[in-house]
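Thanks for asking me to look this one over. My notes follow as numbered points, so please have the model open beside them.

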Amino acid sequence: MVKKYKNEQIMKILTVLGALVGLVYIINGFASLGGYGFLPTIVVLQLLDTIIMLIIGLVVVILTFLVALKPNRPLPFHWLILFILAILLVIFRGGIWACVLVVIAALIGLIEEF
């Protein structure tokens with residue numbers, strides 16, 4: 001059964017904004033590999049590790065987009081899934097601000113559920 005949230009539009013907007021911010025960080029990561037980064041780099045990792053982390057981060061960003069734009073197709077639009085995707089965004093170099101936006105969307109769903 002599909003769960004409908006009262007504030008689903010706000011949750012979707014926050015999730016899409018979080019995915020866009022994560023995409024900016026991922027694009028910056030790929031650009032910094034060529035020396036064209038536009039955001040400051042904090043930690044320099046090895047090249048292969050960086051490429052793998054960025055590719056996995058890109059997959060997580062795409063999944064975050066799909067959860068918001070096509071709910072219940074690849075993954076259900078549920079607060080727990082949003083929370084897991086937020087954690088994965090931070091782990092795989094999507095940025096802390098992307099995580100914060102998606103966590104806020106997850107918290108809105110959590111509050112509505114209880």
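1. A word on terms before the fold: helices (H or I, at least four residues) and strands (E, at least two) are DSSP runs, numbered from the N terminus. The model is predicted, so local features need pLDDT of at least 70 and side-chain atom pairs count only at pLDDT 80 or more, while totals for chains, interfaces and linings use all residues. Residues are numbered from 1 along each chain as its sequence is written, and side-chain values use heavy atoms, with hydrogens and water left out.

2. On the overall fold, the chain has four helices and zero strands, which gives the order α-α-α-α from the N terminus on. Contact here means heavy atoms within 4.5 Å. Among contacts in the chain with a separation of 6 or more, 70% are between residues 24 or more positions apart.

3. Next, burial, where buried means under 20% relative accessible area, exposed over 50%, and partly exposed in between (1.4 Å probe, protein chains only). Of the chain's 114 residues, 34% count as buried. The accessible surface (Shrake-Rupley method, 1.4 Å probe; for residues, only the protein chains shown count as cover) comes to about 6900 Å², and 75% of that belongs to carbon and sulfur atoms.

4. Now the inside. A nonpolar core is a set of buried Ala, Val, Leu, Ile, Met, Phe, Trp, Tyr and Cys residues joined through side-chain atoms within 4.5 Å. The largest one has 25 residues, and Met11, Val61, Phe77, Leu82 and Leu89 have the most contacts inside it. Two or more residues each come from H1 (8-33), H2 (47-69), H3 (79-91) and H4 (96-113), with H4 giving the largest share, seven residues. Beyond its neighbours within four places in sequence, Met11 touches Tyr5, Phe77, Leu82, Ala105, Ile108 and Gly109.

5. Which residues form a nonpolar patch on the surface? They are Phe30, Leu33, Leu47, Ile55 and Val59, with about 430 Å² of accessible area together. Patch members have over 30% relative accessible area and no salt bridge; like charges are joined within 9 Å, nonpolar side chains (Val, Leu, Ile, Met, Phe, Trp, Tyr) within 5 Å. A salt bridge is a side-chain nitrogen of Lys or Arg within 4 Å of a carboxyl oxygen of Asp or Glu. H1 and H2 each give two or more residues to the patch, and H2 gives the most, with three. Ile55 lies in helix H2 and is partly exposed, at 44% relative accessible area.

6. Lastly, please look at Arg93, in the loop between H3 and H4. Its phi is near 65°, a positive value in a residue other than glycine. Most residues other than glycine have a negative phi. Arg93 counts as partly exposed, at 26% relative accessibility.
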